[in-house]
Amino acid sequence: MFSQIGYYSLILGLFFSFLIIPILIRNFKNTKIIDKRIFFVSFLQLFFVLISFGGLIFSFINSDFSNETVFNNSHTTKPLFYKISGTWGNHEGSLLLWLLVLTLFVFLFLIKSNNQPKKYRILTILFQQIIIIGFFLFVLKTSNPFNYLIPVPKEGLGLNPILQDPALAIHPPILYLGYVGSSIIFSSSLSAVILKYISQNWAKHIKVWILISWIFLTIGILLGSIWAYYELGWGGFWFWDPVENVSLMPWLCLTALLHCILVLEKKSLLTSWVVVLSISTFVLSMSGTFLVRSGILNSVHTFANDPERGVFILVFLFSLIFLSLIIFFVFHKQTNQFSNKVNLFSKETAIIFNNWFLMYFLSVVLIGTLYPIFLDVLTSEKISVGPPFYHKLIVPFLIPFLIFMSVVPNLKWIKSSFKIINFSLILLFIFSLIISFIILKINSNSTLINTILVSVSFYLFFITIKDFFNKSFKTYSQKIAHFGFSLLILSILLNSFFSTEIITNLKVGKKYSFTDGNIHFKKIETFQIKNYKSIIGHFTIKDKKNIIKMKPELRVYNQPNIVTSEADIKSTLFYDKFLVINLVKDSEFFNVRYQSKPFMIWIWISAVLLAVGGILSLTQRFNEK
Amino acid sequence: MYGKKVKLRIIFLFLVLASIVFSIYLILKSLEENVVYFLSPSDIKDLKEINTKKIRVGGMVKNQSISVKPEAISFVITDFKNEINVSYSGSVPNLFAEGKGVVAEGFLKDRNYLRAIKILAKHDENYMPPEVKEALGEK
């Protein structure tokens, strides 16, 4: 029932997309005001996609196994919350969500851009509708979420248990809001190029959208990391897995855009670069979807492989890139006459350098992610590029980047003098050197590069704190975001230098001793919960200072029949204690992994601070209006 | 002579180009050093010489081959043509089991023995790494 409603409203939605295009074109040519019908049709389009999505959700809630997507990804014993989140935990449903967000954003753009020129609004919506139609066809043709199954199965196959998790339930929608937000930036910059509207006014208006996608992308990546930390049982938060990389790439690009849109807004400079970044951000978001959905990348995100899908997205992607390049080269004219002289010691130049660094980091991640794919296609050699590659290339450049970031944000627009480098800055630098040397020495980890890295990040940390008390040229949003970033780098470094790990195989009742203490595996308990069997291990861990009790859990799910480990994590402000167990074969041995991870919680807090900085900047924008 | 503006632009372009070339050189160089090759047990049998680089071996965990001791786990990876013994002292993923696909990353000691430092098994019972599928498909 709900499936049919969903299917037909999806087709109706596509119909309205086709309907809106001639209206847009006619409206573009004549009359001065926007045709009221555009609002109406755009609303109907959103409405029907919403109904369609609702139809899928209800099919999941009712466990309607005549629907193939529901059959493949749901089960009657699954808790209601995960029945709902299962809607977008699979390929078909997640694409429907993409589509929903696309139509939602185009409608929001329409009603929120009143102060913009009519032609620009119409053209942006036109580009956006082209993307929407592409996605409609993709969903209907290659990944219809409403396929029928006859005869109707009695029970579904279930959702992969590691996806049955609160953080992961909201991770895809939030990440998609970020990805799809970049499509508005893309369409809008293309139409602004055509209409020669790349201006300070445009920058001011598009910055809101850049901020929105940046905030959602940041939170989306954060949620994914938190989930990986406690669910995958490795105790890390970032693995340089290709799928993580494809979300990081648009983020880097968007961060660069966020900075250089300021230059455009204040100084009317860097017009071409802004356009290039807008196009690249969206292309990276799209290729991310392509790489993840096509099954080229293998990871937890990979759904059933289907070459047809890959080909479709690839063709779609290339036509969009082609279209945008043509538009860029045909229509784009450098508008500024170099009238604004650029001084070397100015905010403009600083932001250009910031973009250089970000582009370097981006290309490292891009090559590391794509090279194995190309090599496989060309020579069918299988390789993988691991964390050492990224660390080796990113870490050395982090040092100048952090120094740069501590010093230059206080530069003024147009021109500054050397006076900003004053006594207190040098004092702070020496102070951070000493602190990091002591910290590393105590923990006997003081290689030269580590000391330098920690000192420069302490330096940035102190400077960003000092800035809160300064009447500098920065806004509070920037101060918070930069402070968040410095805290992030600092806690990642300290975390990676001082984490300790013990892995062993233990029988129930046995003890494992290490230098400062021991792990005692006391007993196990088993419970039967709704859709899984729970095995809880009772441990006491003694280390230098204290004794803690920990209860990691193993879950044996009934459908699909999968075992997952639920780590027990004790978080304090200074460190996380992380314990995870696993059953090897059916022997009596449990595989035990115990980690002590300093400053873990600060990694999450600092990422939240980054997003808070973005949100604050957004609210300031709205208050100005 | 060229004007000052043109000169500045040329210098700027040159700097951009130089930094691009430099970063690409760096990236490619470190790629060369840091990639990990994937081999099947049969590929290993055919190796002319054993080098000390880290590799990945993929295949199925042979039935009745896992044995657990407090300090290490040992098992056999097979592609149904050839086999290799693996020993490992670390934490294993949930889906590591006999008769399932597995990828072990580590160092070859000889043609029959891999000392693994990481075990990868994917989070889906029906999932088989494409490399493994290919390695098995060749039989």
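Guide: Two strands count as paired if DSSP finds at least two bridges between them. The model examined here is a predicted one. With that criterion, strand E10 (residues 575–583) and strand E11 (residues 590–598) of chain A pair in the antiparallel sense, over 9 bridges. Within this pair, Leu579(A) stands opposite Tyr594(A) in E11(A).

The pair belongs to an open sheet of 4 strands in chain A, ordered E2-E11-E10-E9 and antiparallel in its pairing. Strand E2 (500–506) and strand E9 (568–571) of chain A are at the edges; each has a single partner strand, so one side of each is left without a neighbour in the sheet. From one strand to the next, the twist averages 10 degrees.

The domain assignment of chain A places these strands in context. Domain 1 covers 1–164, domain 2 covers 168–402, domain 3 is made of 403–498 + 606–624, and domain 4 covers 500–601. Between domain 2 and domain 4 of chain A, the C-alpha centres lie 38 Å apart.

Strand pairing also joins the two chains. Strand E1 (residues 383–385) of chain A pairs with E1(B), again in the antiparallel sense, over 3 bridges. Here Tyr37(B), in E1(B), is the bridge partner of Ile383(A). The contact between the chains takes 37 residues from chain A and 32 residues from chain B. On the side of chain B that touches chain A, the elements giving two or more residues are helix H1 (4–34), strand E1 (35–39) and helix H3 (130–137) of chain B. H1(B) supplies the largest share of that side, 8 residues. By class, the side of chain B that touches chain A has 15 nonpolar, 9 polar and 8 charged residues.

Chain B itself has 3 helices and 7 strands. Read from the N terminus, its elements run α-β-α-β-β-β-β-β-β-α. Of its 139 residues, 35% count as buried. Among the contacts in chain B with a separation of 6 or more, 56% are between residues 24 or more positions apart.

Strand E5 (residues 83–88) of chain B has two partners to describe. Strand E4 (residues 73–78) of chain B runs antiparallel to E5(B), and 6 bridges join them. Ser74(B) stands opposite Ser87(B) in E5(B). E4(B) and E5(B) form a hairpin with 4 residues between them, and Phe80(B) in the turn has a positive phi of about 70 degrees. Strand E7 (residues 113–120) of chain B runs parallel to E5(B), to which 4 bridges join it. In that pairing, Tyr88(B) stands opposite Ala116(B) in E7(B).

The account now turns to nonpolar packing. The largest nonpolar core has 147 residues, of which Leu99(A), Leu102(A) and Cys260(A) touch the most other members. Helix H8 (residues 200–231) of chain A contributes the largest share of this core, 18 residues. Apart from that core lies another of 44 residues, among them Leu506(A), Ile55(B), Phe75(B) and Ala104(B). As for Cys260(A), its contacts beyond four places in sequence are Leu270(A), Trp273(A), Val274(A), Leu277(A), Ile351(A) and Asn355(A).

Ser52(A) lies in helix H2 (residues 36–61) of chain A. Ser52(A) counts as buried because 27 other C-beta atoms lie within 10 Å. Leaving aside neighbours within four places in sequence, the residues in contact with Ser52(A) are Gly6(A), Ser9(A), Leu10(A), Gly13(A) and Leu96(A). Most residues other than glycine have a negative phi. Ser63(A), however, has a positive phi of about 50 degrees; this residue is found in the loop between H2 and helix H3 (68–73) of chain A. Ser63(A) counts as partly exposed, with 17 C-beta neighbours inside 10 Å. Ser268(A) has a positive phi of about 60 degrees and lies in the loop between helix H9 (242–267) and helix H10 (271–294) of chain A. Ser268(A) is partly exposed, with 16 other C-beta atoms within 10 Å.

How values were computed
Residues are numbered from 1 along each chain as its sequence is written. Chains are lettered from A and ligands numbered from 1 in the order in which they are written. This is a predicted model: local features need pLDDT of at least 70, side-chain atom pairs count only at pLDDT 80 or more; totals for chains, interfaces and linings use all residues. A residue is buried if 20 or more other C-beta atoms lie within 10 Å of its own, exposed if 12 or fewer, and partly exposed in between; C-beta atoms are placed from the backbone. Two residues are in contact if their C-beta atoms, placed from the backbone, lie within 7 Å. A nonpolar core is a set of buried Ala, Val, Leu, Ile, Met, Phe, Trp, Tyr and Cys residues joined through C-beta atoms within 7 Å. Ala, Val, Leu, Ile, Met, Phe, Trp, Tyr, Cys and Pro count as nonpolar, Asp, Glu, Lys and Arg as charged, and the others, Gly among them, as polar. Domain bounds come from an automatic or database domain assignment. Axes are lines fitted to C-alpha atoms, for helices over the stretch in contact, and angles run from 0 to 180 degrees between N-to-C directions.
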